[in-house]
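This report describes the strand pairing, the nonpolar core and the aromatic contacts of one protein model. The sequence and structure are shown first.

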Amino acid sequence: MGKQAIYEMFLREFALSEMICIPENIFENGEWAIMEWKDPKGFRGSGFFYIIDGKIKFQRGYMDKLSFLKMNGLPIE
(Lines give C-alpha, C1' and ligand atoms only; values in the text may rest on other atoms or scores of the structure.)
Protein backbone atom coordinates (compact mmCIF):
# COMPACT_ATOMS: atom_id res chain seq x y z
CA MET A 1 0.00 0.00 0.00
CA GLY A 2 1.14 3.51 -0.67
CA LYS A 3 3.26 5.20 -3.29
CA GLN A 4 6.59 3.95 -1.92
CA ALA A 5 5.45 0.31 -1.87
CA ILE A 6 4.12 0.60 -5.42
CA TYR A 7 7.38 2.20 -6.56
CA GLU A 8 9.46 -0.58 -4.96
CA MET A 9 7.28 -3.29 -6.51
CA PHE A 10 7.79 -1.80 -9.98
CA LEU A 11 11.54 -1.54 -9.41
CA ARG A 12 11.68 -5.27 -8.59
CA GLU A 13 9.39 -6.37 -11.42
CA PHE A 14 10.96 -4.24 -14.16
CA ALA A 15 14.46 -5.34 -13.14
CA LEU A 16 13.62 -8.94 -14.15
CA SER A 17 13.64 -8.31 -17.90
CA GLU A 18 13.07 -5.67 -20.54
CA MET A 19 9.36 -4.92 -20.62
CA ILE A 20 7.69 -2.88 -23.33
CA CYS A 21 3.98 -2.08 -23.29
CA ILE A 22 2.41 -1.03 -26.58
CA PRO A 23 -1.23 0.06 -26.07
CA GLU A 24 -3.57 -1.59 -28.57
CA ASN A 25 -6.99 -0.51 -27.32
CA ILE A 26 -8.13 1.87 -24.62
CA PHE A 27 -11.75 1.78 -23.50
CA GLU A 28 -13.44 4.24 -21.16
CA ASN A 29 -16.76 4.06 -19.36
CA GLY A 30 -17.29 6.78 -16.77
CA GLU A 31 -14.68 6.36 -14.03
CA TRP A 32 -13.37 3.07 -15.47
CA ALA A 33 -10.75 2.54 -18.18
CA ILE A 34 -9.36 -0.62 -19.77
CA MET A 35 -6.11 -0.85 -21.70
CA GLU A 36 -5.26 -3.85 -23.88
CA TRP A 37 -1.53 -4.05 -24.61
CA LYS A 38 1.10 -6.14 -26.33
CA ASP A 39 4.87 -6.20 -26.48
CA PRO A 40 7.18 -6.57 -29.52
CA LYS A 41 7.39 -10.36 -28.93
CA GLY A 42 3.59 -10.70 -29.21
CA PHE A 43 2.95 -11.12 -25.49
CA ARG A 44 -0.40 -9.62 -24.47
CA GLY A 45 -2.20 -8.40 -21.38
CA SER A 46 -4.73 -5.92 -20.10
CA GLY A 47 -5.13 -3.42 -17.29
CA PHE A 48 -8.27 -2.16 -15.56
CA PHE A 49 -8.25 1.24 -13.87
CA TYR A 50 -10.74 3.02 -11.60
CA ILE A 51 -10.00 6.74 -11.72
CA ILE A 52 -11.33 9.41 -9.36
CA ASP A 53 -10.26 13.07 -9.49
CA GLY A 54 -7.51 12.24 -11.99
CA LYS A 55 -5.92 9.60 -9.76
CA ILE A 56 -5.92 5.83 -10.08
CA LYS A 57 -7.81 4.54 -7.05
CA PHE A 58 -7.81 0.88 -8.12
CA GLN A 59 -5.81 -1.03 -10.73
CA ARG A 60 -5.76 -4.65 -11.74
CA GLY A 61 -3.79 -6.25 -14.56
CA TYR A 62 -4.02 -9.57 -16.32
CA MET A 63 -1.39 -11.49 -18.27
CA ASP A 64 -0.19 -15.06 -18.68
CA LYS A 65 2.69 -15.04 -16.19
CA LEU A 66 3.87 -18.56 -17.07
CA SER A 67 4.26 -17.61 -20.74
CA PHE A 68 6.03 -14.39 -19.71
CA LEU A 69 8.53 -16.27 -17.53
CA LYS A 70 9.24 -18.86 -20.25
CA MET A 71 9.53 -16.21 -22.98
CA ASN A 72 12.12 -14.31 -20.96
CA GLY A 73 14.08 -17.32 -19.67
CA LEU A 74 13.11 -16.59 -16.06
CA PRO A 75 12.69 -19.24 -13.36
CA ILE A 76 9.18 -20.62 -12.95
CA GLU A 77 8.06 -19.97 -9.40
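## Strand pairing and the sheet

Asn25 stands opposite Glu36 in S2, and Glu28 stands opposite Ala33 in that strand. S1 and strand S2 (residues 32-38) run antiparallel and are joined by seven bridges. Strands pair if DSSP finds at least two bridges between them; strands (E, at least two residues) and helices (H or I, at least four) are DSSP runs, numbered from the N terminus. In the hairpin of S1 and S2, two residues lie between the strands, and Gly30 takes a positive phi near 65°.

The model is predicted: local features need pLDDT of at least 70, side-chain atom pairs count only at pLDDT 80 or more, and totals for chains, interfaces and linings use all residues. Residues are numbered from 1 along each chain as its sequence is written, and side-chain values use heavy atoms, with hydrogens and water left out.

An open sheet of four strands has the order S1-S2-S3-S4, with antiparallel pairing. Its edge strands, each pairing on one side only, are strand S1 (22-29) and strand S4 (55-63). On average, neighbouring strands of this sheet are turned by 20° against each other, direction ignored; the axes are lines fitted to C-alpha atoms, and angles run from 0 to 180 degrees between N-to-C directions.

## Nonpolar core

The largest nonpolar core has seven residues: Met35, Trp37, Phe43, Phe49, Phe68, Leu69 and Leu74. Such a core is a set of buried Ala, Val, Leu, Ile, Met, Phe, Trp, Tyr and Cys residues joined through side-chain atoms within 4.5 Å, where buried means under 20% relative accessible area (1.4 Å probe, protein chains only). S2 and helix H2 (65-71) each supply at least two residues of this core.

Not counting residues up to four places away in sequence, Phe68 touches Ser17, Met19, Phe43, Met63 and Leu74 (contact: heavy atoms within 4.5 Å).

## Aromatic pairs

Six aromatic pairs are found in a search of the whole structure. Rings of Phe, Tyr and Trp (its six-membered ring) pair if their centres lie within 6.5 Å; planes under 30 degrees apart count as stacked, over 60 as edge-to-face and the rest as tilted. Trp37 and Phe43 form a tilted pair, 5.9 Å centre to centre with 50° between the planes, and both are buried.

Phe43 and Phe68 form a tilted pair at 5.6 Å centre to centre, with 50° between the planes. This pair links distant parts of the chain, 25 residues apart: Phe43 is in the loop between S2 and strand S3 (44-52), and Phe68 is in helix H2. Trp32, Tyr50 and Phe58 form one aromatic cluster.

Methods: Buried < 20%, exposed > 50% of the residue type's maximum accessible area, 1.4 Å probe, protein only.
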